[in-house]
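Open the model in your viewer and keep the sequence panel beside it. This tour tells you what to select at each stop.

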Amino acid sequence: MYPCVTVSSQEKLTEDQGIEADVAEELAAEQREISVAEFFEKNKQMLGFDSAARAVVTAVKEGVDNSLDAAEEAEILPDIHVEIEDNGDTYTVVIEDNGPGIVKRQIDKIFGKLLYGSRFGKRVQSRGQQGIGISAAVLYSQLTSGKPARITSKTRSGEAHRFDVIIDTDTNEPEIVDEETVDWDRTHGTRIELEMEANMRARQQLHRYIKHTAVVNPHARVHLKEPKGEWSFERATDELPDETEEIKPHPHGVELGNLMRLMAASDSYSVKGFVQNEFTRVGGKTADSIEDGFRDRHLGREPSWNVPSGVEQEIRNAVANKGQQATAEFARLTRENMGGKATYSYVEDAVDDAAERVEEEFDKRFGDKVREDAVEAAWRHVTETRAETVLEHLEAATSDRKDPEALEELSERIAAKFDSDEDPRDRFTLKELRKAVRDSAASVEEVTEESFGDTAVENIVEELWTMMQTVDDDTPNVQDIAGDRNQSRALLEAMRAADVMAPPTDCLAPIGADLLEAGVRKEFDAEFYSAVTRDASVHGGDPFVVEAAIAYGGSLEAESPGDLLRFANRVPLVYQEGACAITQTVKDIGWKNYQLDDEGLPRGPVVLAVHLASTNVPFTSESKDAVANVPEIEKEVERAVRDVARDMKSHIKSAESRRKRREKERVISEVVPQIAEKIGEVTGRGTPPVEGSMAKILNKLYVDTEVDGDEVVLEAANYSNSNKSFELHCFVDSEPTLVDGDDLDVDVVDMDDEFDVVWRAEVSKGEKETLRYMGEEGMVSVDGVEDDLVEVRS
Amino acid sequence: MAADDVEMTKEELDDRTMGQLLDIGEEFYRQFERGEIPRLEIPTRSKSNVVFDEDSGVWVYGDKVSSRTANSVGGARKLLRMAYTLEFMRNQIEENRSSTLRELYYLSESWGDAQFTGQGESDRLIEDLEIVGDLRRERLHMRPEEDGATVIGPLYLREQTRRGEREIHCQEDVGEGGYQIPSDVDQVEFLDADAEFVMCVETGGMRDRLVENGFDEEYDCIVVHLKGQPARSTRRLVKRLHDEESLPIVVFTDADPWSYRIFGSVAYGSIKSAHLSKHLATPEAEFVGVQPQDIVDYDLPTDPLSDNDVNALENELEDPRFEDGYWKEQIELQLDIEKKSEQQSLASYGLDFVTDTYLPERLDEMGVA
């Protein structure tokens with residue numbers, strides 16, 4: 001529950017992100033010889049306590065992460081109070097939660113050894129993966145203030161206890177130096193008080209961390225009190241995030257050290273059993289293919305040579321004293337079994353099978369010696385024409401333009417490489433085969449005009465490798481492999497090469513587009529929001545999900561670079577923005593295409609939030625402030641950001657077009673009547689009617705009433721750019737009679753003191769429809785079309 | 001219109017103009033009545049829509065049409081200005097007043113939403129009206145800003161001034177400055193033109209030289225000072241002297257590409273006023289000089305051609321106005337020698353050289369005098 005993962009060596013980390021466990025073990029060994037304090041001093045930067053300013057942020061972060069995890073695990077909606085008190089010389093950092101509380105015996109576990117984390121290597125999405133652990137904060141506090149950490153806690157059932165805890169820097173064990181039962185008004189929860197050397201110069205980062213925590217944990221209520229004031233961040237949902245499940249590692253995501261350790265700890269005997277038991281997504285078929293892959297890499301494949309004629313005679317010659325008839329039959333059967341192509345194992349099988357059948361038929365014993373002689377004779381004969389087989393494959397693998405003589409030369413040289421004293425079975429691993437082909441090609445280039453480039457060599461290797469057969473020797477047992485680095489590596493390669501289904505993604509708990517949007521919405525006052533949760537993807541063997549949210553406009557600052565909020569497993573990343581793959585990906589997007597100024601980051605009234613949830617978030621360094629450049633992750637980040645940016649763009653565009661429309665309407669409705677008035681003056685004919693022209697100019701639905709004696713004509717002209725369906729009501733005092741209204745959907749509704757002519761009309765863009773009735777002119781209104789898109793003239 | 005403009009009285013002209021203005025207003029009225037979007041179609045006034053009319057030998061607008069419609073905010077404002085301007089014009093003609101383009105621009109200050117944003121806009125609107133109503137701005141009582149140029153020579157005319165009719169002889173009744181061409185040339189009636197030809201002169205210096213040397217008297221020549229790119233009234237006067245008095249027109253300018261364009265606008269019209277070419281252009285006008293050939297023949301003092309000059313000459317080679325053997329030869333020659341000369345460089349042979357030798361020789365070659 002309270003993890004702490006540490007490493008000592010930055011170089012090792014950059015070389016291989018996934019070897020935390022190895023390093024931790026090495027460290028643990030090393031640790032016995034140096035003091036914890038010394039270790040801490042050496043690694044302050046990595047632990048996030050390199051400055052008095054940052055120490056506050058790191059301590060709060062560790063405490064809040066733990067509190068959130070604890071509350072969620074107990075299915076409690078988190079309610080977290082953070083307080084920073086200025087004591088003059090020192091500061092006290094307080095983190096209080098409404099979690100389940102802890103009892104005395106858990107103190108050990110929680111403030112346990114600095115160097116052991118419970119979580120490393122586990123495939124589960126958790127906040128704790130990122131933290132160094134609260135124990136580092138406790139240690140920092142103790143080293144700088146000389147005071148113990150004060151922990152107050154109450155479980156649902158028990159009383160509230162207060163423990164003063166120090167970490168013994170000799171034994172690296174927590175020690176309770178004082179303890180008492182206290183009154184506490186909380187029903188359950190934990191409060192940690194750490195006094196430390198600190199300052200508030202990183203106030204901005206602290207506020208960012210708290211605010212971003214509120215964004216990404218919309219189910220949490222967070223309260224911050226510091227010397228300058230108090231801030232509350234209310235929850236936006238009562239929904240707890242889904243619980244995450246731990247999954248076994250995926251064959252594509254495992255590192256050599258981990259694999260060796262897993263093997264050492266495994267009860268499995270065979271490779272097949274081991275990969276099936278210890279890894280996710282490995283069934284019988286996949287296990288077979290991993291095992292075969294391991295054989296290919298560890299034992300090599302055997303070439304399948306053409307069987308030349310005359311092999312029967314060779315076998316007969318090799319058999320003595322078995323009678324002519326039995327010998328002939330043995331040779332014939334062996335030949336038949338061998339067929340047209342044979343590997344060494346195949347020859348052995350052919351001989352054994354023939355021997356058994358002949359023994360039965362002729363009641364003569366064909367013992368090991370006879371069989372061995374027969375195998376040797378047959379194999380000697382088969383391998384005499386290796387070059388022919390190789391040539392056939394060379395011809396298939398190279399272009400017609402290669403010089404035939406050079407190819408022949410090459411095939412002889414490659415064939416000769418197979419003829420080794422070390423292994424009479426002609427076995428090669430892929431590496432050995434490649435070397436054989438490459439060396440042969442190089443030597444042929446020296447004696448002929450022909451050259452064999454990398455592609456040609458690779459094609460030949462592939463062709464020959466395909467011709468060669470995986471052997472079915474037993475594989476070494478798992479414990480033996482675990483003890484041999486080369487064999488382990490061969491297995492690792494086989495696992496990586498195998499076709500394995502992507503890991504399950506139900507171990508991830510993304511925030512979800514709706515909640516992420518709600519989180520951004522409650523902390524940023526904008527006019528537009530959008531969020532997306534991408535489908536899960538995989539990097540290495542770890543599943544991950546990227547989510548993004550955007551807020552635009554409103555009271556967001558327009559004349560500054562947009563704000564980018566980065567999150568990994570629901571934890572805000574507040575430092576090292578520039579080094580983070582998320583930042584770099586966002587910067588690489590051309591923001592001009594999304595109606596924002598492009599200054600790397602978008603400039604304008606915009607806030608972007610990007611959340612990466614994974615069982616293993618790859619960080620650039622152990623301080624875990626920046627996501628490393630992993631192409632699969634970058635691609636997903638880009639897609640997620642582009643998704644929400646696209647939404648924002650269409651919002652901007654439609655807002656822009658609404659604004660333009662309103663502006664046009666405003667000006668037109670001022671100017672056009674003036675034109676009409678002036679034209680009326682110029683012509684001396686009085687002001688002409690403007691409604692029709694106006695409706696056309698403003699792309700409106702225009703309803704006009706014409707009265708011709710007793711006949712009233714309602715004309716609906718659609719000057720808009722889209723088809724319109726609407727309900728037109730015309731209220732008249734006396735009952736009207738419809739004229740030719742058969743093809744229209746019209747009802748006359750008696751409403752006691754008046755009549756409502758209800759016309760459900762559909763008018764295509766640019767078209768007109770008319771309704772005629774006998775009666776008096778009525779009051780017309782239109783339902784189903786926005787008010788400012790209709791013009792009714794009476 | 002035009003051809004008979006000069007025969008109509010001012011009242012008749014004004015009545016006709018009023019009718020043309022009302023027609024425009026009526027068309028807008030009808031559009032409102034029919035519930036249509038008010039619109040006005042006008043030939044596009046851009047270089048791409050100006051074509052050289054081979055038949056009349058002048059520049060006219062092509063078939064491209066631009067619409068001023070109330071369908072956009074800008075378009076609606078333009079039409080509002082048009083409506084105000086129509087009313088203003090109507091009043092101006094009724095009251096027998098006149099104004100300049102600049103005055104119109106300032107007047108619009110009191111028009112509220114119809115106020116012009118700049119003089120360019122009001123100028124264009126007057127051009128729109130000229131084209132749509134087939135009217136000239138003089139008929140709208142709009143006066144040009146620039147001074148009319150001057151005429152000196154054996155021409156006797158009657159001008160209707162606001163202070164009554166005046167009969168003027170352009171040699172005997174004027175000082176050395178000559179007769180000032182009024183803005184509305186159609187208010188001038190030619191009584192007698194005892195002249196052999198009309199000479200249009202680009203520069204004031206050369207015009208004064210001809211007058212001082214008595215060229216107009218000696219050769220019975222009407223000397224018209226163009227003052228650079230000639231005003232409409234100047235071109236209209238030249239056109240009428242040619243059409244009504246059957247006088248040959250010759251143009252005398254510097255030997256540089258810009259001066260050839262002055263000749264071009266006298267003879268064939270300009271892009272800006274292509275709708276008026278038939279009133280203003282005199283395709284029969286001929287170029288006296290100074291020709292590039294003269295630079296060579298007379299070994300005149302020169303300046304080198306600038307890059308702009310070279311570009312202008314090359315453009316003229318593409319220009320249909322200069323698309324004949326004579327101009328092609330002269331322009332290519334000038335590009336070849338890379339030199340230009342001013343009219344007054346002829347003074348390198350003495351002050352009388354131009355009147356005693358150069359012009360008589362050139363006019364003789366051209367068969368004019």
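Which residue in E7(A) is the bridge partner of A:Glu83? Select A:Lys225: that is the partner in E7(A). Before going further, note that this is a predicted model, where local features need pLDDT of at least 70, side-chain atom pairs count only at pLDDT 80 or more, and totals for chains, interfaces and linings use all residues. Residues are numbered from 1 along each chain as its sequence is written, chains are lettered from A and ligands numbered from 1 in the order in which they are written, and side-chain values use heavy atoms, with hydrogens and water left out.

**Stop 1**

Select strand E1 (residues 79-86) and strand E7 (residues 221-226) of chain A. They run parallel and are joined by five bridges. Helices (H or I, at least four residues) and strands (E, at least two) are DSSP runs, numbered from the N terminus. Two strands pair if DSSP finds at least two bridges between them.

Now widen the selection to the open sheet of eight strands. Its order in chain A is E5-E4-E3-E6-E2-E1-E7-E8, and the pairing is mixed. Go to the edges: strand E5 (173-182) and strand E8 (229-233) of chain A each have a single partner strand, so one side of each lacks a neighbour in the sheet. On average, neighbouring strands of this sheet are turned by 15° against each other, direction ignored.

Contact means heavy atoms within 4.5 Å. Axes are lines fitted to C-alpha atoms, for helices over the stretch in contact, and angles run from 0 to 180 degrees between N-to-C directions.

**Stop 2: a covered helix**

Select helix H17 (residues 404-418) of chain A. Its 15 residues reach 21 Å from first C-alpha to last, close to the 21 Å expected at 1.5 Å a residue. That expected span is 1.5 Å times one less than the number of residues.

Which residues of H17(A) are buried? Pick A:Ala406, A:Leu407, A:Leu410, A:Ser411, A:Ile414, A:Ala415 and A:Phe418. Buried means under 20% relative accessible area (1.4 Å probe, protein chains only). Their cover includes strand E10 (305-306), helix H16 (386-397), helix H18 (430-447) and helix H19 (454-467) of chain A.

**Stop 3: two crossing helices**

Show helix H9 (residues 256-265) and helix H21 (residues 485-497) of chain A. They pack at an angle of about 105°, with their axes 10 Å apart. H9(A) and H21(A) are therefore roughly perpendicular (65 to 115 degrees).

**Stop 4**

Select strand E26 (residues 755-763) of chain A. Seven of its nine residues are buried. Strand E23 (residues 724-732) of chain A pairs with E26(A) in the antiparallel sense over nine bridges. Find A:Leu728, opposite A:Trp759 in E26(A).

Next, strand E25 (residues 745-750) of chain A pairs with E26(A) in the antiparallel sense over six bridges. There, A:Asp745 has A:Arg760 as its bridge partner. E25(A) and E26(A) form a hairpin with four residues between them, and A:Asp752 in the turn has a positive phi of about 65°.

**Stop 5: chain B**

Move to chain B, with 13 helices and 17 strands. Of its 369 residues, 55% count as buried.

Select the open sheet of three strands, in the order E9-E8-E11 (chain B), with antiparallel pairing. Strand E9 (164-169) and strand E11 (188-193) of chain B stand at its edges. The twist averages 15° from one strand to the next. Strand E8 (residues 155-161) of chain B and E9(B) are joined by six bridges. Click B:Gln160: its bridge partner in E9(B) is B:Glu165.

Finish on helix H7 (residues 232-245) of chain B. This helix lies across E8 and E11 of chain B, at about 50° to E11(B).

Definitions and conventions: Buried < 20%, exposed > 50% of the residue type's maximum accessible area, 1.4 Å probe, protein only. Parallel < 35°, antiparallel > 145°, perpendicular 65-115°, else oblique.
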